[in-house]
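Visitor: I am new here and would like to understand the words used for this structure. Could you show me around?
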Amino acid sequence: MANAQKIPAKMMAIAISEPGGPRVLKAETRDVPVPGPGEILIRVRAAGVNRPDVQQRKGAYPPRPGASDLPGLEAAGEVAALGDEISRWRVGDRVCALTAGGGYAEYVRVHAGSVLPLPAGFTYTEAAALPENYFTVWHNVFERGGLKSGETLLVHGGSSGIGTTAIQLAAAFGAYVVTTAGSKEKCDACLKLGADRAINYREEDFVAAVKEATGGKGANVILDMVGGDYVARNYEAAAMEGRIVQIATQGGAVASADFFKIMAKRLVHTGSLLRPRTVEFKAAVAAALEAQVWPLLGTRKVAPVMDTIFPLKEAWRAHERMEEGEHIGKIVLDVA
């Protein structure tokens, strides 16, 4: 391990003691990981909390082989040590990173290709709210979905971390943005972030509302985290040549599809998972983000929406907050 600052042998981490509810998240002492070739070690100052962490805690989303068994898919802090074959980063650099796991700890080992500099003026807690959401939204909305200026994006769950990110980025790149959310407060928050139309799905039929908002044309791109019975409704809400991008299935992973509707509208229904992708893929997304999105973050044209910050030892409270479903934006753990 080259170019390392003084690093302790042990660290505090939050582990999943057994599959179950939030209280199975327990503080324990772990060995500090050692970065291998192409990897860096980050002294974590803040870590983002995401739904895949909740699924992992429940035993439904295991880490990939070779990855840390600790939860935490994004972190921000300082570079503490460099493995071999690292040219860009230096010890002490302030960074944020997409991780393969292990973010709920004082130190995390990450591949250098998944690391980005802190945007100008950002705190560690703000920066920890970036990687998972921005990697996900950029790839799925702009690369897979091909959203262009002047098109309409429908974002389901607009008040979530993913949703607030998608609204801001789509608006910044010239799209008309329609979103769904579950309360007036959440809808109002979405409108303040740049959504042109916010639909309370508890009170309105989003299909009819989308058609009304688009003059009957429908949405060109739909970002969906629900699945289940939303699949057929998304097909109805989509424009001709529409692209539906699936990033989660909170409403069910199995649904019936009307293939005639797909053929008649020439729809594309695609989707992706971020965690299993290769380090090369993640490095390519990171490069695109640094070139096209990081300048927007540096000027605060877009920024993470922060809901609540909890101490690392109270990670269980962060998971409770997420499962309550009342949060708007990101939940973050303060590790400093």
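Guide: Gladly, and please keep in mind that this is a predicted model. Let us start with the second largest pocket, whose lining has 12 nonpolar, eight polar and six charged residues.

Visitor: Which residues of that lining lie nearest the centre of the pocket?
Guide: Gly66, Ala67, Ser68, Ala100 and Arg109 do, out of 26 lining residues. The space in the second largest pocket comes to about 530 Å³. Strand E2 (25-31), strand E6 (107-111) and helix H9 (279-292) each give two or more residues to its lining. E6 gives the most, with five residues.

Visitor: What makes Ala13 count as buried or exposed?
Guide: Buried means under 20% relative accessible area. Ala13 has 0% relative accessibility, so it counts as buried. You will find Ala13 in strand E1 (residues 10-16).

Visitor: Which residues is Ala13 in contact with, leaving aside its neighbours within four places in sequence?
Guide: They are Lys26, Ala27, Glu28, Arg30, Leu70, Tyr104 and Ala105. Ala13 and Gly102 also make an interesting pair: they are 89 residues apart in sequence, and 8.3 Å apart in space from C-alpha to C-alpha.

Visitor: Why is Glu85 called exposed?
Guide: Exposed means over 50% relative accessible area. Glu85 is at 70%, so it counts as exposed. Its place is the loop between strand E4 (74-82) and strand E5 (94-98).

Visitor: Why is Arg266 called partly exposed?
Guide: The term covers values between the 20% and 50% cut-offs. Arg266 has a relative accessible area of 44%, so it is partly exposed. Arg266 sits in the loop between H8 and E13.

Visitor: Which residues of helix H7 are buried?
Guide: In H7 (residues 230-237) they are Tyr230, Val231, Asn234, Tyr235 and Ala237.

Visitor: How do you know on which side of H7 they are?
Guide: They cover an arc of only 165° around the axis, and therefore they are on the same side of H7.

Visitor: What covers the buried residues of H7?
Guide: The cover includes strand E8 (152-155), helix H6 (206-213), strand E11 (219-224), strand E12 (238-246), helix H8 (259-265) and strand E13 (268-271).

Definitions and conventions: Residues are numbered from 1 along each chain as its sequence is written. This is a predicted model: local features need pLDDT of at least 70, side-chain atom pairs count only at pLDDT 80 or more; totals for chains, interfaces and linings use all residues. Side-chain values use heavy atoms; hydrogens and water are left out. Buried means under 20% relative accessible area, exposed over 50%, partly exposed in between (1.4 Å probe, protein chains only). Helices (H or I, at least four residues) and strands (E, at least two) are DSSP runs, numbered from the N terminus. The arc is that of the directions from the helix axis to the C-beta atoms. Contact means heavy atoms within 4.5 Å. On a 1 Å grid over the protein atoms alone, a cavity is a set of points where a 1.4 Å probe fits but cannot get out, and a pocket is an open set with protein on both sides within 12 Å along at least five of seven lines; lining residues have an atom within 4 Å of a point. Grid points are joined across faces, edges and corners, and a volume is the space filled by probe spheres set on the points. Ala, Val, Leu, Ile, Met, Phe, Trp, Tyr, Cys and Pro count as nonpolar, Asp, Glu, Lys and Arg as charged, and the others, Gly among them, as polar.
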